[in-house]
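Thanks for coming, everyone. I will walk through one structure today, piece by piece. Please have it open while I talk.

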Amino acid sequence: MKKFVVNHLISVKNLVKSQMLKWEKQKVGGWGNWGNITAKLLSFRQVVNAAVLLLFSLFLTNLSVSFATETPLGWFSFPIHWNDTTSGTATDISFLNEKPAGKNGRIIVKRDKFIESETGKTIRFIGINMGGDVAFPKKEDGEKFAAHLAKAGVNVIRFHNLDGENPVKTLIDTKQPDTQHFNEEHLDRFFYFISECKKNGIYSNINLRVMRSLVPGDGVPEWKNQPYPLKKINRFSPRWIELQKKWAKDLLTRKNPYTGMTLAEDPAVLVVELDNENSILENGTEFYTQIPEFYQEELRVLWNQWLKNRYKTDDMLAAAWKPASLSMETLLNKNSEWNLERHGTEIKLIRSNISGVMPDIEVEVGKGGSQDWHVQVQLLGLTLENGEDYTLSFKIRSSVPNNSRLGVQWQIDNWRSNGLTAYYKTDNQWHNYTFSFIARDTIKDKTRIAFFVGGKSNNKIEIADVKMVKGNPNAGLQPEESLETQNIPLPQSGGKLRLHDLLQFMVDLDKAFAQTMRDYLKNEIKVQSLIIDSQIDYGGVSGMNRESDMDFVDAHAYWEHPDFIGVPWDFSMGNWRIGNSSQLRAMARTKHTCLQLLGERRIDGKPFSVSEYDCPFPSDFATEMMPFLTVIASLQDWDALYTFCAGPYGSYGSSDVISGSFDNTNHPGKFGFFPAAALAYRTGAFSPLPNIITLKLPQKPWNSFFRIQPVWEQTLGRYPDILNERSTVSPIYLDETTSPQIQLTTDSKKTQPSVTVRNIFGLSFLLGNSPTCVVLSGPFGGGSIGVGPLNLNFDEFEGNFGAVMLNSLDGIEIENSERILLTIGGRFENSKMVWNVERNCTGINPGEPPVIGTSLHGRIEIKTSGTRKVYALDATGTRKHNIVSEWKEGILSFFILPEYQTLYYEIVR
């Protein structure tokens, strides 16, 4: 009891101290007023009343104080347990789910919306990804977890990575010599879990291929070292396509004994996704140089067949590929310059020359890196023209033999390729290399040639006679090449006309896979759900062509995904970094964010889904994730949202700790906001923006640029303003121009919602106000701020950054609502978690149970039509504290105390 009283006295002291600071701020203007934002300072009388209320609450509330767990001062323990199915609480949003899923008919598409076929009602989806063993839990665990997710407002699950190699995390029976047999126990659990989700009104998104790699037992060549391009093989190799069809048939036409239906016919299956994050064109046309010769030959045969169908004769092909003359003038001149770049490595300049027409340089790499890009030798300051042929030549030698790489790319963040990534070998002999390419995504004076030389230590590298010219010496059909003999190689160079054909061949091949698989699913095995191929941004702008016949458009985005310094996906100490910054702060400062990037990918006339989204742990700003995502998705009128992903639960691990970067369900700063976010998003609390900005592209846009982002920037002259205009890309190409265009329209039926991200005296806030929901996120600790009917006045806390959502639970405007949910939180992390000095990695100690959050202490003011009762809730939403409140002149006010130890508050008439 002594500790309890002391904490209350400290709270009083901190409030008074905070108030004195605010009075000092007032002398220099404080935060001032802006629009709906009001900066309010407590009077001396209010401070005294606050102190009295704090002490009086000792006797009026039944506070539970735990002395068993040592929680740091200023923090509280708040795990959200996976088996919480307590119904009827303020955090129970399951009433939004029609049960069972599919009750109102199959989900269909009408123009750009998901529609219940029997009611005609529009439906939005919000959910989470579940992959590996968490997707087929023990049956008793699945029953509780499905109900737990529904309670939080989840109405869709994306079943992801069901086909990996880990024997405990896959539907594949890894004891067999092939990948064509199911682990029957896992499949039975999977079917049972799907049936439980269906009972709770949760739809399913089935991913057919994520990680599956064929093995010799499947009738394919053995390939032990499987680099990333392996994913692309499944999109053109006949055997791979054949076995993907078999997998789809075996999985989707097997009757689920717990629903009495196959997945192909079950209306609770929302969508079947063919191929996660994959496109033949994801890394350009050069990928085939990195795959085994067997698959190179398969691709070459398809290439010759494509050319034969297109041109018929050698004469027609020769005429189509007739080259322009090669320029003799190098683009490297006195405006170019050498630059050395290193990342935790060592490089020393011995000599360099840029004065001549063919620059040279000699360097010594002392300490190399685990990645070749950790040491770079660069030539800066080039200007290239989009869509034109260029040829780069040079000679090189190294004291240590090495497999090397170079790129022609932006010399500004994010170092986008300008059309060439080339691989070559070096040793102690001079080697001459020539590479031709087509320039794309160029910016004047901002192109560089980057030689990546960091793969080896104690290596001396000499580069000489570097020359870049316009044109291509090997363009045109060569004398030995013929359509009749089918001996035309896959070109790494050969002129823009030949390379344009190679690009078009791969665009067509990529789409052919999507069409073949879709036709098989629809026509052969009678899949009735919606179908998409992959994420639209995979393959760049060619993804629009590939997905044009799919039912909707899908994309992924991560705010500050971990950056791996060495081995990919190795989370050991020092091998990864995060940005650890606020996305809303970046947007307020007009920086490009991942939410804007998503908006640039939506196709006009199709529903838009974001099936992977996260602000990976650890982050000091994770509480902004769900409020920010759902507000932007509402303004942009997106149709489905999935966070990535569900963490351990039940027999698979503890829900008292955040298990890793992508554990959402055990992160109170993320999943704790799900009820509020789901309620706001699914009920349309924030209406779509009336202004629409549409990007129109020329025919075959992939010939001019690869990614859509720079097209927006260069055509519009800025990033799309996703707070004030809906952004879409037209699926109809322009006929008479090679330049993109912007079209502005207004939907007169829509009104402008009250949402903004603003800097206020150097502090960035998300402020959203609608009749049934208020959203506020930012550094509100140690200050006073308000939006709409809500005002906050809070003491400082760890980080001072947090998020607030105020939701009407009865659908009545907040001022008159008889039941309101207040969700408010700051920073969350694991107990005993240790950051590095830069606070961008926790590899030193990722922490242990329980998960803890920063204690909040401050005053809440809400405009209401009369008095209300206020309760602090526990993690299940059950009332645990009766909070003293005051209603005066239309304002309900009460204090949030550290002892309440919660995210949730219920306000009732």
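This is a predicted model: local features need pLDDT of at least 70, side-chain atom pairs count only at pLDDT 80 or more; totals for chains, interfaces and linings use all residues.

**A walk through the folds**

Now widen the view. Strand 35 (residues 819-825) and strand 43 (residues 904-908) pair in the antiparallel sense, over 5 bridges. They belong to an open sheet of 8 strands, paired antiparallel, in the order 29-30-31-34-35-43-39-40. At the edges stand strand 29 (754-760) and strand 40 (879-883). Each has a single partner strand, so one side of each is left without a neighbour in the sheet. From one strand to the next, the twist averages 15°.

Look at strand 34 next, residues 802-808. Who are its partners? Strand 31 (residues 773-778) is joined to strand 34 by 6 bridges, and the two run antiparallel. There, Leu776 stands opposite Val804. Strand 35 also pairs with strand 34 in the antiparallel sense, again over 6 bridges. In that pairing, Leu806 faces Leu822 of strand 35 as its opposite residue.

How many residues of strand 34 are buried? The count is 7 of 7. Both faces are covered. On one side, Gly802, Val804, Leu806 and Ser808 are buried. On the other, Ala803, Met805 and Asn807 are buried too.

Helix 13 lies across strand 29, strand 30 (763-769), strand 31 and strand 34. Its direction is at about 130° to strand 29. Helix 14 lies across strand 31, strand 34, strand 35 and strand 43, and runs at about 50° to strand 34.

In the loop between strand 24 (608-614) and helix 13 (625-636) sits Pro618. A cis peptide bond joins Phe617 to Pro618, with omega about 0°. There is a cis bond between Phe644 and Cys645 as well, and omega is about 0° there too. Cys645 is in the loop between strand 25 (640-643) and helix 14 (674-682).

Between helix 13 and strand 25 there is a loop, and Asp637 lies in it. Asp637 is not a glycine, yet it has a positive phi of about 65°. Is Asp637 buried or exposed? Its relative accessibility is 9%, so it counts as buried.

Compare Glu889. It is in the loop between strand 41 (885-888) and strand 42 (891-896). But Glu889 is exposed, because its relative accessible area is 72%, and the cut-off for exposed is over 50%.

Strand 11 is joined to strand 12 (residues 360-365) by 6 bridges, running antiparallel. Within that pairing, Leu349 stands opposite Val363 of strand 12.

On the helix 7 side, they include Trp303, Trp306 and Arg310. On the helix 9 side, they include Arg498, Asp501 and Phe505.

**Last stop: helix 3**

Helix 3 covers residues 139-151, which is 13 residues. From first C-alpha to last it reaches 19 Å, close to the 18 Å expected at 1.5 Å a residue. Among its buried residues are Asp141, Phe145, His148 and Lys151. What covers the buried residues? The cover includes strand 4 (125-131), strand 5 (156-160) and helix 4 (184-199). Just after helix 3, Gly153 takes a positive phi of about 100°.

That is the tour.

Technical notes
Residues are numbered from 1 along each chain as its sequence is written. Side-chain values use heavy atoms; hydrogens and water are left out. Contact means heavy atoms within 4.5 Å. Helices (H or I, at least four residues) and strands (E, at least two) are DSSP runs, numbered from the N terminus. The expected span of a helix is 1.5 Å times one less than its number of residues. Buried means under 20% relative accessible area, exposed over 50%, partly exposed in between (1.4 Å probe, protein chains only). Two strands pair if DSSP finds at least two bridges between them. Axes are lines fitted to C-alpha atoms, for helices over the stretch in contact, and angles run from 0 to 180 degrees between N-to-C directions.
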